[in-house]
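This report concerns a protein and a DNA strand.

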Amino acid sequence: MAGTKAGHDDLREEDLVASHWLVKSEPATFSYDDLVRDGRTVWDGVRNHAAAGHLKAMKVGDQVLFYHSQEGKDVVAVAQVAREAFPDASDPTGKFVAVELTPVRKLPRSVTLAQMKANPALADMAMLRQGRLSVSPVSDADWATILKMAGE
DNA sequence: GCCAACGTTGGC
DNA sequence: GCCAACGTTGGC
C-alpha cells in the first residue's frame, strides 16, 4: 500500500470507510462452517480491481460480514481480518492481494439478499448497487441495520 | 485509446 | 439453465 498518492488532504478510501466489510463465498466451495472448522483462512483468488482495493484497505481487527452466494444468498456470520493484505500466492502476475480471516460468530438468524433489497435503508450498500462485487465496504449505519435484522 | 468480442459472476 | 452486468482482452 505504500506509494499511493501523496498529499495529506487527499482523502483515500481507507480514511473514509471505517472498519466494516462484506465478503462473498459460495458455500459449496467454502462456507462459514468451513472457516470455523479451519480456524483461519487465506482469502485469495480475488481478481477484480475494485474488490482488491477493498482488500488492501482492510486492517487487522476489522469486522467482516460473511455472505453465502448462489446457495443461501444470505449473510450468515461475522468474521474478522487477522492479517492485512499481502501478495496473493495464487496470482502469477503478482498484482493481486489476499488477506486472512478468522471466524467471530454466527448470526442469530441469517439476513437474506431479498430482505436487504427490501430495506430502503440499505439502498446504497455497495454490494446491492454492484451485484458482482465480491468484497465491499459496509458503512457503520448499514452494519448496525444488518445486525439488527439478524436479531442481534 | 477505442470498442467489439468474450468470459465470469451471481441472481432469478 | 438463462441472462444481465460488468470486467478484460485484443484488434485496429
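How do the residues of the surface near DNA strand B divide into nonpolar, polar and charged? In this predicted model, the division is 2 nonpolar, 4 polar and 4 charged.

## Surroundings of DNA strand B

The residues around DNA strand B are Lys24, Tyr67, Ser69, Gln70, Lys73, Leu113, Lys117, Gly131, Arg132 and Ser134. Of the atoms of DNA strand B that come within 4 Å of the protein, 73% belong to sugar and phosphate.

## Nonpolar cores

The largest nonpolar core holds 22 residues, and Val23, Trp43, Leu55, Met58 and Phe66 touch the most other members. Two or more residues come from each of strand 1 (20-25), helix 2 (32-38), helix 3 (49-57), strand 3 (63-68), strand 4 (74-87) and strand 5 (97-112). The greatest contribution, 4 residues, is that of strand 4. Apart from this core lies another, of 17 residues, including Leu65, Val75, Leu107 and Val111.

## Contacts of Val23

Leaving aside residues up to four places away in sequence, Val23 touches Trp43, Met58, Val64, Leu65, Phe66, Tyr67, Leu101, Ser134 and Val135. Two of these residues, Tyr67 and Ser134, also belong to the surroundings of DNA strand B.

Notes: Residues numbered from 1 in each chain as written. Chains lettered and ligands numbered in written order. Predicted model: local features only at pLDDT ≥ 70, side-chain atom pairs only at ≥ 80, totals over all residues. Heavy atoms only, no water. Near = heavy atom within 4 Å. Nonpolar A, V, L, I, M, F, W, Y, C, P; charged D, E, K, R; others polar. Core = buried A, V, L, I, M, F, W, Y, C linked by side-chain atoms within 4.5 Å. Buried < 20%, exposed > 50% of the residue type's maximum accessible area, 1.4 Å probe, protein only. Contact = heavy atoms within 4.5 Å.
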